[in-house]
Amino acid sequence: MKELTLLPINIKRFMRYCTPTCHIDEDLVLTDFTELPLPGEARKMQCAFAAVCTGGEGRYTVDTVEHKVKPNDVIIVAVGQVLGDIKTSKDFQGSALLISHDYLYSVIREVRDVSNLFVMSRKRPVVTLSSETMAAFLNYLAILREKVGDTSHKFRRQIAGTVLATMIYDLSNIITDEQPTTSLKAQETFEAFIRMVEGNFRHERHISWYSGQLGISPKTLLEVVKRVSSRTPSEWLDIYTTLEIRLLLRHTAKPIGQIAEEMHFSTQSALGKFFKEQVGMSPKAYRQFEG
């Protein structure tokens with residue numbers, strides 16, 4: 001198995017391979033899915049990616065987990081996730097959005113109550129819309145395409161952001177529909193926790209460390225995270241840790257002992273025990289199965 005460097009997907013790199021007619025600098029691209037230069041192997045996202053399927057079928061993996069797409073489905077891939085194994089039928093049709101991290105957060109900064117959309121999408125990476133809701137989303141995309149295409153408009157960036165925020169409101173409403181209602185403060189705490197996990201889970205997996213950084217007790221952190229996401233802080237740490245190990249096993253030739261060291265497990269055996277509890281097989285068996 002050869003070593004594979006997970007080259008990033010970002011808008012700048014994307015625009016080296018094609019020249020989209022509908023874009024705002026290196027912050028926003030709206031294009032037909034069939035025009036995307038799809039990577040031949042897994043790539044780590046440095047921008048947010050969303051797509052709607054209007055015809056045909058497809059499949060792809062996010063963090064090595066396969067998902068299937070059919071008409072009326074919306075897919076969401078967050079910054080930091082690994083997208084790969086994209087396969088579509090010959091009659092596949094749809095639209096795709098690429099949004100830079102900075103532009104996304106300049107938009108959702110004013111949409112604070114749905115700013116965890118891309119976190120919650122980890123639980124529902126494929127969202128099936130009703131025919132009426134899909135029609136509304138296609139209308140949003142048509143408006144977005146029109147406004148972004150008007151390069152003479154002095155405020156097209158702001159208008160595009162407003163349309164995008166409206167889409168986020170509607171999509172977040174669908175994704176979080178079954179989630180219990182939570183306060184703005186609880187959502188902000190949860191989002192801060194997830195951002196902190198994303199940056200530190202490889203070397204810090206003690207809940208007390210995260211609660212200390214957030215200035216709250218471990219009990220309060222447990223209650224807030226559980227209420228917002230229906231998962232405990234420990235479960236979120238296990239998810240991120242397991243996904244990272246799976247990616248390293250599948251996409252690199254690093255020895256398991258080296259992976260254990262990089263992930264700050266005390267021994268290779270400790271990593272093996274953890275991984276088997278989460279996945280149901282040993283790291284070696286998983287690598288052979290996925291190789």
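Me: In which strand is Gly84 found?
Reply: Gly84 belongs to strand β9, residues 82-88. A strand is a DSSP run of E with at least two residues, a helix is a run of H or I with at least four, and numbering starts at the N terminus. This is a predicted model, in which local features need pLDDT of at least 70, side-chain atom pairs count only at pLDDT 80 or more, and totals for chains, interfaces and linings use all residues. Residues are numbered from 1 along each chain as its sequence is written, and side-chain values use heavy atoms, with hydrogens and water left out.

Me: Why is Gly84 called buried?
Reply: Buried means under 20% relative accessible area, exposed means over 50%, and partly exposed is in between (1.4 Å probe, protein chains only). Gly84 has 2%, so it is buried.

Me: Which residues does Gly84 touch, not counting those up to four places away in sequence?
Reply: Gly84 touches Ala42, Tyr60 and Thr61. Contact means heavy atoms within 4.5 Å.

Me: How many helices and strands are in the protein chain?
Reply: The protein chain has 12 helices and 11 strands. Of its 291 residues, 48% count as buried.

Me: How many aromatic pairs does the structure hold?
Reply: The structure holds 9 aromatic pairs. One of them joins Trp236 and Tyr240, with 6.4 Å centre to centre and 45 degrees between the planes.

Me: What makes Trp236 and Tyr240 an aromatic pair, and what makes the pair tilted?
Reply: Rings of Phe, Tyr and Trp (its six-membered ring) pair if their centres lie within 6.5 Å; planes under 30 degrees apart count as stacked, over 60 as edge-to-face and the rest as tilted. The 6.4 Å and 45 degrees of Trp236 and Tyr240 therefore give a tilted pair.

Me: Where do Trp236 and Tyr240 lie, and why do they count as buried?
Reply: Trp236 and Tyr240 lie in helix α9 (residues 233-251), 4 residues apart, about one turn of the helix. The relative accessibility of Trp236 is 1%, so it counts as buried. Tyr240 also counts as buried, because its value is 8%.

Me: Why is the pair of Phe265 and Phe274 tilted?
Reply: Their ring centres are 5.5 Å apart and their planes stand at 45 degrees, so the pair is tilted. Phe265 and Phe274 are both buried.

Me: Which residue lies over the face of Phe265?
Reply: Arg205 does, at 4.4 Å from the ring centre. A charge sits over a ring if NZ of Lys or CZ of Arg is within 6 Å of the ring centre and within 35 degrees of the ring normal. The charged end of Arg231 sits over the ring of Trp236, 5.7 Å from its centre.

Me: Why are α6 and α7 called oblique to each other?
Reply: The axes of helix α6 (residues 184-200) and helix α7 (residues 207-214) come within 11 Å and cross at roughly 125 degrees. Such axes are lines fitted to C-alpha atoms over the stretch in contact, with angles from 0 to 180 degrees between N-to-C directions. Angles under 35 degrees count as roughly parallel, over 145 as roughly antiparallel, 65 to 115 as roughly perpendicular and the rest as oblique. The angle of roughly 125 degrees falls in the rest, so α6 and α7 are oblique.
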